[in-house]
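Please consider the following points alongside the coordinates and the sequence. They are arranged by topic.

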Amino acid sequence: MVVCSVASGLSFGGTPRGVIATLCFFRFWLGFGIGGDYPLSATIMSEYANKRTRGAFIAAVFAMQGFGILFGAIVALVVSAGFRAAYPAPPYSQDRAASLVPQADYVWRIILMFGTLPAALTYYWRMKMPETARYTALVARNAKQAAADMSRVLHTEIEESSVEKTAVLAGEEWGLFSPQFARRHGLHLLATTSTWFLLDIAFYSQNLFQKDIFSKVGWIPAARTMNAVEELFRIARAQALIALCGTIPGYWFTVAFIDVVGRFWIQIMGFAMMTAFMLGLAVPFHHWTTPGHHTGFVVMYGFTFFFANFGPNSTTFIVPAEIYPARLRSTCHGISAAAGKAGAIIGAFGFLYAAQDPHKPEPGYPRGIGIRNALFVLAGTNFLGTVMTLLVPESKGKSLEVVSQEVADDEEAAQNYMDAAFREMFECALYRGLCNWTRMYSFSRFA
């Protein structure tokens with residue numbers, strides 16, 4: 001992540017196509033690193049925390065992404081404001097060539113390279129963390145190492161014999177493609193992959209054509225009336241307000257209520273409310289685009305982000321870290337996250353074309369179905385997410401071994417000593433977990 005953040009900003013080429021090609025190359029390998037961090041951040045926290053507050057702590061790790069999104073917008077604001085003042089330019093409608101000053105090429109590069117800072121800070125704490133004791137005891141079957149790691153974290157002596165008891169709970173071993181996994185967790189994997197996939201179609205498409213929506217309702221001027229740096233500044237300002245008023249509160253509502261309401265009901269509510277607000281935007285869309293009603297549109301649009309984050313954007317990250325057995329937990333979480341990014345690709349590319357005006361598309365794009373119809377499609381996508389959530393099991397208040405079916409419910413009392421052994425570890429894991437998630441991905445989502 002550190003290397004590819006820097007390399008993204010240094011993307012080279014003699015033509016625009018060459019720059020984009022090298023940028024895509026470095027972003028691919030950046031995604032490779034992020035793909036490892038997603039399951040690690042969730043699994044580390046889930047295996048350190050106790051069952052009573054586990055959801056809140058995993059949600060707190062993910063909620064740091066909200067501050068990353070906000071900080072990414074702030075970085076874009078500061079950089080674009082500096083270049084706007086230093087290199088004034090006429091709007092696009094007056095002088096097409098002069099509206100894009102040569103120095104603007106540095107703006108996006110600087111923004112991308114800022115992502116190096118959180119990734120580099122994360123590296124220090126990540127290297128100091130031992131493997132989770134659950135993995136070492138249940139998967140690696142190394143009770144001695146697990147006891148030593150727990151002693152080092154808790155600063156107290158842990159008996160190896162007490163840790164050896166945890167290995168008994170691991171049960172028989174079977175792989176990802178085994179009949180046992182299909183029988184026990186096949187529907188669960190379908191649920192976590194499909195809901196994350198459907199969520200990211202809606203979530204990333206919303207992010208992508210924010211500027212089109214903001215322009216359509218008059219919240220920012222038409223692109224032709226601004227130069228390139230001015231447009232970046234205004235879009236970043238609008239996105240910062242959405243993050244501050246909708247995105248961040250939604251994340252922390254999840255932290256507050258996830259262990260009270262439960263994962264299942266928060267995800268159902270989030271998808272249902274996103275569906276309702278999308279329909280509320282789409283049905284009277286022409287009303288929202290008339291003067292005097294723009295503020296109402298932005299408020300409703302902000303609520304879709306609020307319920308995305310006080311809903312499936314948080315829970316799709318949390319649930320896969322809890323419901324699978326220890327030896328497959330991070331693998332299944334990674335598969336679920338990858339399905340989400342497949343949805344993000346569809347959201348990013350599909351709706352970029354779909355939202356084009358059916359009569360007057362932007363230059364270089366074919367005719368689309370328009371923003372109003374695209375909002376209807378997003379509402380349908382969110383409704384499908386509501387339906388698929390019915391397959392998601394509730395993990396609130398259950399130990400990891402019980403919810404993953406490694407032990408039966410009537411054995412939970414015997415398993416409670418395991419949570420007790422790890423309970424003290426979650427406080428230091430909170431600090432480390434929050435640091436782990438304040439990283440490049442969050443800072444670069446705006447870019």
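1. L117 is exposed, with a relative accessible area of 51%; here buried means under 20% relative accessible area, exposed over 50%, and partly exposed in between (1.4 Å probe, protein chains only). L117 sits in helix 5 (residues 116-128), where helices (H or I, at least four residues) and strands (E, at least two) are DSSP runs, numbered from the N terminus.

2. Basis of the model. This is a predicted model, in which local features need pLDDT of at least 70 and side-chain atom pairs count only at pLDDT 80 or more, while totals for chains, interfaces and linings use all residues. Residues are numbered from 1 along each chain as its sequence is written, and side-chain values use heavy atoms, with hydrogens and water left out.

3. Surface patch. L117 belongs to a nonpolar surface patch together with F71, I74, V78 and F114, and the accessible area of the five residues is about 430 Å² together. Helix 3 (residues 54-86) gives the most to this patch, contributing 3 residues. Patches are made of residues with over 30% relative accessible area and no salt bridge; like charges are joined within 9 Å, and nonpolar side chains (Val, Leu, Ile, Met, Phe, Trp, Tyr) within 5 Å. Accessible areas come from the Shrake-Rupley method with a 1.4 Å probe, and for residues only the protein chains shown count as cover.

4. Overall composition. The chain has 21 helices and 0 strands. Of its 447 residues, 53% count as buried. The accessible surface of the chain comes to about 19500 Å², and carbon and sulfur atoms account for 67% of that area. Among contacts (heavy atoms within 4.5 Å) between residues at least 6 apart in sequence, 79% join residues at least 24 apart.

5. Annotated spans. The unreviewed UniProt entry places the feature "transmembrane region" at residues 18-36, 57-86, 106-125, 240-258, 264-285, 297-321, 333-354 and 374-392. UniProt positions are given in the numbering used here, feature names are shortened, and annotations may be inferred rather than shown by experiment. In the model, residues 18-36 are 100% helix and 0% strand, with end C-alpha atoms 28 Å apart. Residues 240-258 are likewise 100% helix and 0% strand, with end C-alpha atoms 26 Å apart.

6. Cysteines. How many disulfides does the structure contain? With a disulfide taken as a pair of cysteine sulfur atoms within 2.5 Å, the count comes to 0. C24 is partly exposed at 48% relative accessibility, and C245 is exposed, with a relative accessible area of 60%.

7. I335 and G35 are 300 residues apart in sequence, yet their C-alpha atoms are 9.4 Å apart in space. Leaving aside neighbours within four places in sequence, I335 is in contact with L176, L189 and T193.

8. Side chains of opposite charge can pair when their charged atoms come close. A salt bridge is counted where a side-chain nitrogen of Lys or Arg lies within 4 Å of a carboxyl oxygen of Asp or Glu, and the structure holds 9 of them. In one of these, D37 pairs with R126, the closest N and O atoms being 3.1 Å apart. D37 lies in helix 2 (residues 16-48) and R126 in helix 5, so the pair ties together parts that are 89 residues apart in sequence. Both partners count as buried: D37 has 3% relative accessibility, and R126 has 15%.

9. D200 forms a salt bridge with K341, with the closest N and O atoms 3.0 Å apart. The pair links distant parts of the chain, D200 being in helix 9 (residues 179-208) and K341 in helix 16, 141 residues apart. D200 is buried at a relative accessible area of 1%, whereas K341 is partly exposed at 26%.

10. The side chains of E322 and R263 meet in a salt bridge (2.6 Å, N to O). E322 is in the loop between helix 15 (312-318) and helix 16, and R263 is in helix 12 (residues 263-282), so that distant parts of the chain, 59 residues apart, are linked. E322 is buried, with a relative accessible area of 0%, and R263 is buried at 0%.
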